[in-house]
Amino acid sequence: MSVAARASNVRVDQFFTGAEARFDRWRSLLQAARAWEGTARQRPEDEKYQAAITVSFAELRQWEDFFAYPGQALLRSLSERIASGDAGGTARLVQSLSTALLTHSYRSNLTDWEGEEQSPIGLSDRVPGAGEETAPHRPYFEVLVVSPARPAAWSELAQELRKLRRPQDKFIYEPVFVGSFEDGVLATILNGGLEAVMIYEGIPFASSHHNPVLREVLTSHLAASGIGANSVQYGLALAQGLKQLRPELDIYFLSDREVEKVAGDTSAACVRRVFYQVEEPLELHLSILDGIADRYDTPYFDNLQKYAQRPMGTFHALPVARGKSIFKSNWIRDMGKFYGLNLFLAESSATTGGLDSLLEPTGNIKVAQEKAARAFGADHVFFVTNGTSTSNKMVEQALLAPGDIMLVDRNCHKSHHYGAVISGALPLYVEAYPLTQYSMYGAVPLRTIKKALLDLKAEGKLDRARLLVLTNCTFDGHIYNVERVMEECLAIKPDLIFLWDEAWFGFARWSPFYRRRTAMGAAAILESKFKDPAYRAAYKEQEKKLGADLDPKDKSLLETRLLANPDKVRLRVYQTNSTHKSMSCLRQGSMVLVKDPDFHTVEEQFHEAVFTHASTSPNLQIIASLDVARRQMELEGYELVNRAIQLALDVRREVNSHPLISKYFRVLGADDMIPAEFRNSGFVDYLTPGANWATAVKALKEDEFALDATRLTLVCGSAGFDGTQFKNLLAAEYDIQLNKTSRNSVLLQTNINNTRSDIAQLIKVLVEISQGIEKKLADGGTKGREAFASRVKSLMTDVPNLPNFSSFYGRFREDPSSKTSEGDMRSAFFGAYREEQCEHLKLSSPEIDKRLKEGPELVSANFVIPYPPGFPIVFRMCRGMPSGNTHVRRQGTKRDALLNGFS
Ligand SMILES: Cc1ncc(COP(=O)(O)O)c(C=O)c1O
């Protein structure tokens, strides 16, 4: 699709990131300017091009009110050039402005603020860093000022703010002025560079912008997020609304009333500071910088940098510390050259010198973790340097004791199964729905989870059900309705604890779109729901109908949207995330997030679990990168995450609408990945005509499952490739790496690291591969075409069934006749240590098939775990045990499993 077409085609994808849609508008303007410049020389009388650029500029102009750069003066200058017929001057100015925007050079480059000719447009006293070109880099940001003052007064106000700048300021900012509640919301959505907001009391509600597209963005966001001004006090309502959209923003409120009263208003809790408007502008300026410094500050990383610069004599183990054994070596000097000196200067095995101890943090690691807790909306955060594989085991060891029941998605990561081995808890596997055609599983329906809980209740075991573990989102992108799952489960068991394995989903906190579907986002929603008198009243109504103690025999409970008893619930939520998978963190960096009012009751166990699993030699660079990843997300996560989503939507659209690529490849939409019964809102897919931000958010609010757009299942079976083949082809021939494969698909993923160039490369490669297929088909004659069709059929149609969990072998069940299927993983695990109880069979051997058919029963003595994704396909102690209690040891490699079609 051409850039111009994209810019005028208003779709939900454009609303994910103001930045990308904005760049498109500038590219369109540049195209129009070049076209005008080209014709103006030859046919100055042709007014068509001037008219076109006038329209293009008008389209762009309204959106630019929400950004500090290029700002009113440069835009005015551009408008004058267009109006005066100066085609060349227009093209030059548009070129320099769009380059500055695309490269972000205006954030540090003085001349960008002066236009392409560095002409004296009277800006020298207003640009960032003016007069301080030689100063070290100071991060630049923008501050939104929502003011009821006349727009004519804004530039004066801006000048006043700029005068407050001091050479010693660590950061530099430019104000962006808007005049109403609605424009405040729009600016916050569109301008990812905003870090702070000043709201003056007395602002009006309605936007001054009459652009229908802006109106659509606004109304859909307001409706979708429930933001609204419910009183005449729009200022505080705006502060609350903006905090919902972007919790990381610092909000300042300026009032000319009794500020003490405003500050004491509970709705002002989201405001960082309240100022009496006419007082202390310097205080305000310093507060803004202080707020940014608080987020910028990375206590562990900062200290590590200082430590690295100190002349340390090291008499502890760790020869690489300070790098002398490397840089002086005759043989391994290249390692030093490759990694650079700092890596070794920043290595230590000491916990003194301000380096703190990850196992028992009391200093800067503790502060870094507290900052991460603030950023992620948790009560506590624990840094982990051995990946989420370890975080999961820590949480499970801390929360579960032998004999407890742990409800867990059978398709979960291996760490949870090992968590059961370690804790001695009995896993009760709940099944995800199958996506047989694509040889993968979806997520676990809430009905299945409720049924498992009600069955436990019927069997008198509900009190032992302690933890529910679910993967959110799944490897393939299925996102749970986290709020609803917790709410309905708590209706059945008010003290059930939740562990949301968000290994892949840590970034979602920074998307207002996804946040409500994260463990912490949903916990915050439920927390306020349970305090709401209307909720209590609704619960009382339910109690009248269903009773206080739900009857597990009552089948209607499975269909009923259950409410939890707000007076009884204990909302105990844990989340683990592989920070390294979705944020700028070194490999294995992971976090455990805790939001648990009863954490004090498990705190000791939790610390024991940390001691059990954490290395006594944690990697300092991983800890530092966890700290830095938090800084980045708090300062630019909104912009980066929205861009990653945008890029994913671009790939989806380009692949599925490309005339050649779409003949052989397809990215699966929400409708392919989630059966209609789980999409109650009627949402089909992000790319379906008519889909917009509002319909997508409605789906995220209501539907049982949603699809994370950044996880792209690309069907390649229709191009004649199985997943592994295609993955290898991309890696070997095109230097494209990807992660998981299935029988007929590969999983692509976008993250905060991707750029539009990456997407362009992927599309180009798919075009090339498609052309190759076309040529082969054309040259191969009927035989070739038949062979291709039969290969496609075998990959796409003749797909194997996906097995469910069979059962635990009877010996590992307390009561084999019980309706619930939990089993003792630990005994089974260690039972297989007895070599004399095991026999060895090859997984793909006919002997296995024969034994499965005719007995004696087989019991797996090993997990069989293909990687990726690291989710077992065969567990220990699956049915059935051969006579003489012999376990079967898997022989061969994970290749056996792959050959069975399970990759
Ligand atoms: C759902 C899930 N949980 C946990 C993990 C383990 O995370 P890590 O690789 O950080 O140890 C993975 C890894 O792929 C995963 O997919």
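1. Ligand shell. Of the 15 residues around the ligand, those that come nearest are Ser389, Asp501, Trp504, Ser578 and His580; a residue is near a molecule if one of its heavy atoms lies within 4 Å of it. This is a predicted model, in which local features need pLDDT of at least 70 and side-chain atom pairs count only at pLDDT 80 or more, while totals for chains, interfaces and linings use all residues. Residues are numbered from 1 along each chain as its sequence is written, and side-chain values use heavy atoms, with hydrogens and water left out.

2. A nitrogen atom of the ligand lies 2.6 Å from an N or O atom in the side chain of Asp501. An oxygen atom of the ligand is 2.8 Å from a polar backbone atom of Thr388, and a polar side-chain atom of Lys581 is 3.1 Å from an oxygen atom of the ligand. The ligand taken alone exposes 390 Å², and the protein buries 93% of that; accessible areas come from the Shrake-Rupley method with a 1.4 Å probe, and for residues only the protein chains shown count as cover. The elements that give two or more residues to the shell are α18 (387-399) and α25 (579-582), and α18 gives the most, with 4 residues.

3. Overall architecture. The protein chain has 36 helices and 21 strands; helices (H or I, at least four residues) and strands (E, at least two) are DSSP runs, numbered from the N terminus. Of its 903 residues, 56% count as buried, where buried means under 20% relative accessible area, exposed over 50%, and partly exposed in between (1.4 Å probe, protein chains only). Among contacts (heavy atoms within 4.5 Å) between residues at least 6 apart in sequence, 73% join residues at least 24 apart.

4. Helix α33. The 16 residues of α33 (residues 781-796) should span 22 Å at 1.5 Å a residue, and the end C-alpha atoms are 22 Å apart, which agrees; the expected span is 1.5 Å times one less than the number of residues. Phe788, Val792, Leu795 and Met796 are the buried residues of α33. They cover an arc of only 85 degrees around the axis, so they lie on the same side of α33; the arc is that of the directions from the helix axis to the C-beta atoms. These buried residues pack against α28 (661-664), β18 (711-715) and α32 (756-779), whereas the face turned away from the buried side carries the exposed residues Thr782, Lys783 and Glu786.

5. Asn565. This residue is found in the loop between α24 (556-559) and β14 (572-577). Asn565 counts as buried because its relative accessibility is 14%. A polar atom of its side chain lies 2.9 Å from the backbone nitrogen of Asp567.

6. Backbone geometry. Most residues other than glycine have a negative phi, and most peptide bonds are trans. A cis peptide bond joins Tyr69 and Pro70, with omega about 5 degrees. The peptide bond from Gly855 to Pro856 is also cis, with omega near -10 degrees. Arg322 has a positive phi, near 75 degrees, and counts as buried at 9% relative accessibility. Asp735 has a positive phi near 55 degrees, but counts as exposed at 69% relative accessibility.

Conventions. Polar contact = N/O pair within 3.5 Å; in protein donor to acceptor, adjacent residues only side chain to side chain.
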